[in-house]
There are 2 protein chains.
Amino acid sequence: MTTDGECCRVPFKKIEGGVTAPKGFRAGAISCGIKNPKIERLDLALIVSDSPTVTDGLFTTNQVKAAPVKLSAQHLKNSDIRAIIANSGNANACTGVRGIQDAKAMARGAAEALGVKMRQVLVGSTGIIGMNMPIERITPRIADLAEKISDSGSDEASRAIMTSDTKPKTYAIEVPCKGGSFRVGGIAKGAGMICPNMATMLCFITTDAKIGKAEMNKAVRHATDMSFNRITIDGDTSTNDTVIVMANGQADMPAIKKGSEEAELFRCALHKVMLELAKMMVGDGERVTKFVEIRVRNARTQADARKAAEAVAKSLLVKCSWHGSDPNWGRVIHAVGYSGARIREELIDIYFGGLIACKGGLVSKTPVAELEKIVKQPKFAVTIDLNLGSANYDVYTTDLSEEYVDFNAAEYSAAVHTKRQKGLA
Amino acid sequence: MTTDGECCRVPFKKIEGGVTAPKGFRAGAISCGIKNPKIERLDLALIVSDSPTVTDGLFTTNQVKAAPVKLSAQHLKNSDIRAIIANSGNANACTGVRGIQDAKAMARGAAEALGVKMRQVLVGSTGIIGMNMPIERITPRIADLAEKISDSGSDEASRAIMTSDTKPKTYAIEVPCKGGSFRVGGIAKGAGMICPNMATMLCFITTDAKIGKAEMNKAVRHATDMSFNRITIDGDTSTNDTVIVMANGQADMPAIKKGSEEAELFRCALHKVMLELAKMMVGDGERVTKFVEIRVRNARTQADARKAAEAVAKSLLVKCSWHGSDPNWGRVIHAVGYSGARIREELIDIYFGGLIACKGGLVSKTPVAELEKIVKQPKFAVTIDLNLGSANYDVYTTDLSEEYVDFNAAEYSAAVHTKRQKGLA
């Protein structure tokens with residue numbers, strides 16, 4: 001594994017099929033009219049393993065946790081999770097006792113339809129905060145949904161969890177290993193926004209690898225830290241953020257032993273799938289015009305490298321300058337200066353793409369027209385070399401567009417008015 | 001003093017005159033063409049005390065400090081500062097040894113023209129980062145500037161330090177005290193932007209109060225903490241942020257004794273002037289459409305109250321919702337949830353103006369149309385009652401507008417191209 005977050009040693013093959021690419025998983029989705037009963041749109045998804053699983057998950061660190069997050073964290077304490085039921089259109093957050101009842105009703109509905117126990121079902125929700133779930137439109141439909149799931153239903157499931165996403169996010173790989181191979185597939189949703197840290201992130205991953213609980217936990221933490229945590233800046237997670245990984249061991253391979261080479265291979269495979277999904281989240285959306293990789297190099301410590309990278313990635317002024325294709329390294333060094341990372345101004349080099357813009361804290365000789373060419377591209381890297389130590393950190397981010405502001409200006413009022421017009425409020 | 005940051009006990013009278021309102025101060029400004037030699041625009045200001053002063057200042061906590069900040073911090077170690085020379089159009093930041101030489105040249109020029117020592121002059125700069133000062137257009141003009149200063153020159157000085165500000169910021173008061181009265185006047189610049197924390201802030205304050213060094217230091221720290229630090233969120237200070245307060249003791253009043261009632265009166269007066277200037281900074285600008293006061297109430301500790309207030313004030317999604325006049329309390333509670341402040345979701349009440357939007361973490365019964373009326377106003381308060389303790393904290397902030405993004409999209413390129421067109425690059 002290289003220091004900058006990419007796994008280079010996984011000899012994977014990209015495959016189709018998302019969460020149903022691994023053996024023994026089925027998925028599907030239906031339309032319940034959760035956001036608006038008059039609009040036909042997939043909004044309820046189900047992912048099921050046909051056999052017992054080892055499952056792990058990570059949830060938002062936000063102190064305000066949505067009801068499905070609370071319920072799923074509790075269910076995860078059990079072994080053998082068999083299904084995930086997830087909806088878009090309503091986050092079921094800030095909904096109190098009623099919210100917990102609604103999340104339980106979803107889990108119970110799925111359990112009954114599948115013939116498993118309620119505690120074997122996890123729940124995910126995304127959408128508006130502070131409104132009760134229209135549960136009366138959901139529970140009566142879960143049996144239909146359970147009928148519908150198939151080994152080609154991943155695409156529909158990935159569409160059903162979208163909110164402001166402009167396209168579904170799905171990725172799957174097959175990884176050859178000693179004595180066989182295994183598959184890892186995932187679907188995710190972020191939002192077509194500048195700051196994925198502010199939008200709800202859901203990610204559901206399945207694998208047929210024969211992996212035990214201890215190695216699974218290690219792999220989920222590692223892969224999340226190297227992927228989603230590089231876009232969910234500063235712990236600003238939403239009330240609903242959820243990452244779940246289910247392994248059913250159906251692959252034709254020997255069981256993965258603790259601390260083995262195969263255990264590391266699994267970790268890297270999970271990292272690869274999560275990183276691709278994370279990049280799709282950042283890159284998604286009509287409202288984002290630039291995908292930018294911030295690379296901090298040679299910081300004193302990893303914590304310093306991270307502070308500097310996140311300060312740059314979060315700076316409104318820096319993001320605005322990218323939107324305008326402006327190679328404004330002054331704003332970058334300004335953000336590095338207040339990041340809290342240990343720096344020596346006179347040692348800092350800043351590059352746009354491969355071109356140096358700032359050398360030793362001062363303007364470089366690179367013509368601005370050359371730097372502009374880099375920043376005009378829809379995808380480029382900004383490298384900040386602190387020249388102080390050997391720790392590196394990468395963050396993926398975007399520009400800040402006028403459309404982002406416009407898009408985010410009236411969600412709540414619009415939702416309430418829609419409800420009222422439909423006689424639902 | 002009330003807990004929410006307002007001084008209520010200063011029996012002040014608002015007066016005209018800015019930094020020249022207090023006795024014994026003169027000011028003025030000229031146009032040197034710092035940003036663009038073809039454009040006639042005030043860009044170099046001088047503020048002078050006719051007699052010895054007690055002066056204190058606070059500078060940016062950004063590790064990348066502009067040359068004038070480094071020089072002024074050094075000069076402030078001396079007593080008897082006599083003048084401040086300040087320019088707009090160029091920040092003289094990230095300019096290395098050459099930058100220090102240029103800042104010294106400005107101080108030396110002012111000292112020679114005024115017949116004082118170079119170490120008695122402070123320097124302030126604001127503008128673009130990473131370009132050398134066009135010092136050859138500045139130093140030859142300082143003698144003219146020194147000729148021009150007068151006791152009615154504050155207005156010109158306040159205009160000369162503007163960058164993206166749409167209007168000059170000036171405020172002065174006269175405060176009656178035991179045995180006489182004193183005056184405090186100030187000028188400041190922020191920017192017509194959403195986040196004053198990202199823009200350079202300069203504030204120069206004069207007073208004729210008879211105040212000693214110890215009480216002055218205490219007052220400057222207190223007043224800054226209660227004003228500019230409530231808008232400069234999260235320590236994200238620019239490379240050039242500067243607050244300077246000069247006292248020349250010319251008022252007709254007895255000397256202020258340590259720990260006396262008059263010392264507190266002075267502290268409150270300074271707080272009042274700084275708070276008014278800070279509010280002007282936040283409210284300034286065509287690009288800001290809403291002025292919002294975030295009030296956190298009944299947090300466990302002051303630190304918790306501050307964390308919650310700043311998280312809400314900094315949230316892009318919250319700012320966007322205000323711009324769209326959307327009373328989206330879900331985004332507010334979301335930001336409070338990730339702020340790091342200790343909370344109990346089920347105890348949180350959120351108000352827009354005087355109307356409750358969220359009660360005990362759940363949607364209130366207030367009709368959304370009523371809440372919308374509040375958020376449609378150009379100025380309103382959002383109160384977050386954590387109902388956990390008794391600590392309060394207020395922050396002043398704004399919405400996020402499409403125009404902000406547009407305005408900040410191409411500063412550096414534009415500046416470089418301007419220089420090139422004028423044959424200066």
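So, burial in chain A: 64% of its 425 residues are buried. Please keep in mind, everyone, that this is a predicted model. As for secondary structure, chain A has 12 helices and 16 strands.

Now let's look at a pair of helices in that chain. H8 of chain A covers residues 316–323, and H9 of chain A covers 329–338. Their axes lie 9 Å apart, and the packing angle is about 160°. Angles over 145 degrees count as roughly antiparallel, and that is why H8(A) and H9(A) get that description. Their crossing is left-handed.

Which residues make the contact? From H8(A) we have Leu317(A), Val318(A) and Ser321(A), and from H9(A) come Arg331(A), Val332(A) and Ala335(A). If you're wondering about the spacing, an α-helix has 3.6 residues a turn, so residues three or four places apart point the same way.

Let's hop over to chain B and its own helix H9, again residues 329–338. Is H9(B) enclosed or open? Well, 10 of its 10 residues are buried, so the rest of the structure largely encloses this helix.

One last stop: after H9(B) comes Gly340(B), with a positive phi near 95°. Thanks, all!

Conventions: Residues numbered from 1 in each chain as written. Chains lettered and ligands numbered in written order. Predicted model: local features only at pLDDT ≥ 70, side-chain atom pairs only at ≥ 80, totals over all residues. Helix = DSSP H or I, 4+ residues; strand = E, 2+ residues; numbered from the N terminus. Buried ≥ 20, exposed ≤ 12 C-beta atoms within 10 Å, placed from the backbone. Axes fitted to C-alpha atoms, helices over the stretch in contact; angles between N-to-C directions. Parallel < 35°, antiparallel > 145°, perpendicular 65-115°, else oblique. Left-handed = near helix turned anticlockwise from the far one by under 90°. Contact = placed C-beta atoms within 7 Å.
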